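Dear colleague,

Please read the notes alongside the coordinates.

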Amino acid sequence: MISIQGLRKVFKTKTNTITAVDRLDLDIQDGEIFGVIGYSGAGKSTFVRLLNRLEEPSEGSIKIDDKEITELNTNELRLARQEIGMIFQHFNLLWSRTIEDNIAFPLEIAGVPKAERDKRVEELIRLVGLAGRENAYPSQLSGGQKQRVGIARALANNPKVLLCDEATSALDPETTNSILDLLVDINQKLGLTIILITHEMHVIRKICNRVAVMENGKIVEQGDVLDVFLHPKETVTKKFVEQVMGNGEEDDLEQLLAEYDQGNIIRLHFVGESANQALISQLAKKYNVDLNILQGKITQTQRGAYGTLIVQLLGNTDEIDKAVQYITNKTSVEVEVIRNVK
Ligand SMILES: Nc1ncnc2c1ncn2[C@@H]1O[C@H](COP(=O)(O)OP(=O)(O)OP(=O)(O)O)[C@@H](O)[C@H]1O
């Protein structure tokens, strides 16, 4: 759907030359939610603005749906931009227009007749959950509602791609979640390809299929979100994963073992679908063991959950062995025995 090769953007100021995007290659599939994460100054905003030529590339190729964006003239670019919607951190709404007039604005520019425009605006208002607020002004809306207007406006001309530049960074956690849910809903209903720029790993974890990590204008790591979470390679990626999972350091294991000095202690590793099994309750029903969860963290991604639990198993050693055998042989959860009492 989107193929980027050797993309480069150099800013020249009076005193300085900054390479904001540095020979970047990337392929994005039709219908996926692709995340780009990086710290401030990594070049994310510049990158996403190059895709619709809000910034002119210094070098490289951007193909969207087989159209070479870098070669379009002004008129062709105006038409191509109707296929690339964009939403922004600070919404960029027109403050003197009502909600419905904000959403109608790109349709007016595209020359859509009034009756058709009104019908489309009504559809969009329903799609983003703003029914009843049509005649309000942006200043009368909450941040989440303003972003819903931004989304409706971006979708007005039925784009194939939606670019999101830190679209939830100005919102509180709860509102962020509702906007992310809306993006997933739109992605599924409309089959829209979404590129999402963020500095927050939980945004990537929650809705992206794949992720690229940017540093100094380059992509330093990319892959399926679950794989990147499980095996982050670069230091910058590890730091982002820590944002969601903590630094992976458990409480002092020695202390835990001393405090819980009875029975066996195991560490369970859940990856992807394995976390959907009701493992703990199954074990308690099948075997005569008591299970005591001592520590753990499980988190959800679009491809399933992952994380670890440290569990104490109390009871007859034969029963405990059978329970551990069951997890090892019959489930996809990995078991690591930390203390084995014979
Ligand atoms: N118009 C410009 N003129 C000169 N330098 C620029 C311009 N726009 C961006 N830069 C520089 O390019 C680099 C990348 O900036 P960019 O805004 O793309 O990063 P970012 O990852 O989006 O960070 P942030 O989230 O803080 O915006 C920075 O060093 C920035 O100062």
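In which sense, right-handed or left-handed, does α3 pass α5 in its crossing? Before the answer, please keep in mind that this is a predicted model.

The crossing of α3 with α5 is right-handed. Helix α3, which covers residues 99-109, packs against α5 at an angle of about 30 degrees, and their axes lie 7 Å apart. Since angles under 35 degrees count as roughly parallel, α3 and α5 are therefore roughly parallel to each other. On the α3 side the contact is made by Ile 99, Asn 102, Ile 103, Phe 105 and Pro 106, which meet Val 149, Ala 152 and Arg 153 in α5. Sorted by class, the residues in this contact of α3 with α5 are six nonpolar, one polar and one charged.

Helix α5 (residues 143-155) also packs with helix α6 (residues 173-190), here at an angle of about 20 degrees and with the axes 9 Å apart. The same cut-off of 35 degrees applies, and α5 and α6 are therefore roughly parallel to each other. The crossing in which α5 passes α6 is right-handed. From α5, the residues Gly 143, Gly 144, Gln 147, Arg 148 and Ile 151 take part, and they meet Thr 175, Ser 178, Ile 179 and Leu 182 in α6. By class, this contact of α5 with α6 holds three nonpolar, five polar and one charged residues.

Methods. Residues numbered from 1 in each chain as written. Predicted model: local features only at pLDDT ≥ 70, side-chain atom pairs only at ≥ 80, totals over all residues. Axes fitted to C-alpha atoms, helices over the stretch in contact; angles between N-to-C directions. Helix = DSSP H or I, 4+ residues; strand = E, 2+ residues; numbered from the N terminus. Parallel < 35°, antiparallel > 145°, perpendicular 65-115°, else oblique. Left-handed = near helix turned anticlockwise from the far one by under 90°. Contact = placed C-beta atoms within 7 Å. Nonpolar A, V, L, I, M, F, W, Y, C, P; charged D, E, K, R; others polar.
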